[in-house]
Amino acid sequence: MTDLDQLKTDALTRIENAPDAAALEALRIEFLGKQGSISGLMKTLGGMSPEERQVQGPLLNGLRTEAADAIAARKEVLENAELEARLAGESIDLTLPAPEAPRGSVHPVSQVMDELAEIFADLGFSVATGPEVEDDWHNFTALNMAETHPARAMHDTFYFPQKHVDHTFDNAPNTRMLLRTHTSPVQIRSLVERGAPIRIIAPGRVYRSDSDATHTPMFHQVEGLVIDKGIHLGHLKWTLETFLKAFFERDDIVLRLRPSYFPFTEPSVEVDVGWEDVNGRKVLGGDGDAPGHGWMELLGSGMVNRRVIESAGLDPDEWQGFAWGLGVDRLAMLKYGMDDLRAFFDGDQRWLDHYGFSAFDQPTLSAGVGAKA
């Protein structure tokens, strides 16, 4: 009994005077650990007679409980003292700005789409949309693309199985379904629905069987269409020149129109834009024939073919117009310095953080359509 009383007094005194959590933990191990002094006494109960165990058991259990309770109480005291010391020593400057919360960003493609809509709205154009799952009459036939045209081949176009087509689209029975290869079908649908005169742009996703650093099976395209009376190539050139100057925010954009061929326009022209070498990078602007400059093919365009106008139910002798088309992704690459189209669709957070735009950075002509946040 004397030894137990001495052990109890010694243990409780040392626990009460433990200066910190580390010292308290050492005492817990010393008394209550597997090799602790109190734990050692508890192990002796197994070798005692029933009469001795009946006397010593309650004493040893009581000693263990008191030591454990004392450790818990001292631990709470030490933790409260540590918290009070931290509160007394630390301070918060409430005048400092709060840390910025994580936020997403607007993808460059979405930003460029908004920039296009802003510029062309100022020129009197509206935005038109159409289905991405299209029929081949709207995608090819109505655009004067013959049955033997290479674009209709399976290796260029994603077709749906023929058995899935069991209904009629407009005047083309049993037409095949496909993923649209351009947004030109939107022009036909808009002409049929709205008639003329009309000024629209048709941005959206398109699909072609192609994939490399500058091509992906899915990409974004914008096309423009104007149908009115007395329209000529001069209107087309002015529209494209005005658009490109606003988009690239440069007044020295110079265009060169070259004869070309597209089944849906006649005459057709490829549009080249002058560029200059700036630190090894091609920057659009300036006369392409000047020293240190060159020409870059940017888009295709032309006067709408008479057959296309007829397909929309209009009289080509009364109505004329022009159309053009180019890749939205390529516009973003040229303006914002990206060199690999595949990165647009990888979903890499680091790329999006670098090239993305703030949701509050709405493009406006007055502030600059490409103002970077």
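Strand 1 (residues 126–127) and strand 6 (residues 198–207) run parallel and are joined by 2 bridges; helices (H or I, at least four residues) and strands (E, at least two) are DSSP runs, numbered from the N terminus, and two strands pair if DSSP finds at least two bridges between them. Within this pairing Val127 stands opposite Ile201 of strand 6. The model is a predicted one, in which local features need pLDDT of at least 70 and side-chain atom pairs count only at pLDDT 80 or more, while totals for chains, interfaces and linings use all residues. Residues are numbered from 1 along each chain as its sequence is written, and side-chain values use heavy atoms, with hydrogens and water left out.

Strand 6 also pairs with strand 7 (residues 218–228), antiparallel and through 10 bridges. Gly204 faces Gln221 of strand 7 there. Because 8 of the 10 residues of strand 6 are buried, strand 6 is largely enclosed by the rest of the structure. Buried here means under 20% relative accessible area, exposed over 50%, and partly exposed in between, for a 1.4 Å probe and protein chains only.

From strand 7 the pairing continues to strand 12, again antiparallel, with 8 bridges. Gln221 has Gly327 as its bridge partner in strand 12, and Gln221 is also the residue opposite Gly204. Strand 12 is mostly covered, with 6 of its 8 residues buried.

Just after helix 7, Gly195 takes a positive phi of about 75°. A cis peptide bond with omega of about 5° then joins Ala196 and Pro197, and Pro197 lies in the loop between helix 7 and strand 6.

Other backbone features lie elsewhere. A cis peptide bond with omega of about 0° joins Glu266 and Pro267, and Pro267 belongs to strand 9 (residues 265–278). Asn144, in the loop between helix 6 and strand 3 (168–169), has a positive phi near 65° without being a glycine. Glu249 is not a glycine either and has a positive phi of about 55°. Glu249 sits in the loop between helix 8 (233–248) and strand 8 (255–262) and is partly exposed, at 44% relative accessible area.

Aromatic pairs number 11; rings of Phe, Tyr and Trp (its six-membered ring) pair if their centres lie within 6.5 Å, and planes under 30 degrees apart count as stacked, over 60 as edge-to-face and the rest as tilted. Phe262 and Phe264 have ring centres 6.0 Å apart and planes at 10°, so the pair is stacked. Phe264 is partly exposed, with a relative accessible area of 22%. The pair of Trp351 and Tyr355 is tilted, at 5.1 Å centre to centre and 50° between the planes. These two residues are 4 apart in helix 11 (residues 349–355), a separation of about one helical turn, and both Trp351 and Tyr355 are buried. One aromatic cluster is formed by Phe120, Phe125, Phe243, Phe247, Phe248 and Trp324.

The second largest pocket holds about 200 Å³ of space. On a 1 Å grid over the protein atoms alone, a pocket is an open set of points where a 1.4 Å probe fits, with protein on both sides within 12 Å along at least five of seven lines, and lining residues have an atom within 4 Å of a point. Grid points are joined across faces, edges and corners, and a volume is the space filled by probe spheres set on the points. Helix 2 (21–32) and helix 4 (50–89) are the elements that give two or more residues to the lining of this pocket, and helix 4 gives the most, with 5 residues.

Ser49 is in the loop between helix 3 (37–43) and helix 4. Ser49 and Glu266 lie 217 residues apart in sequence and 114 Å apart in space, C-alpha to C-alpha.
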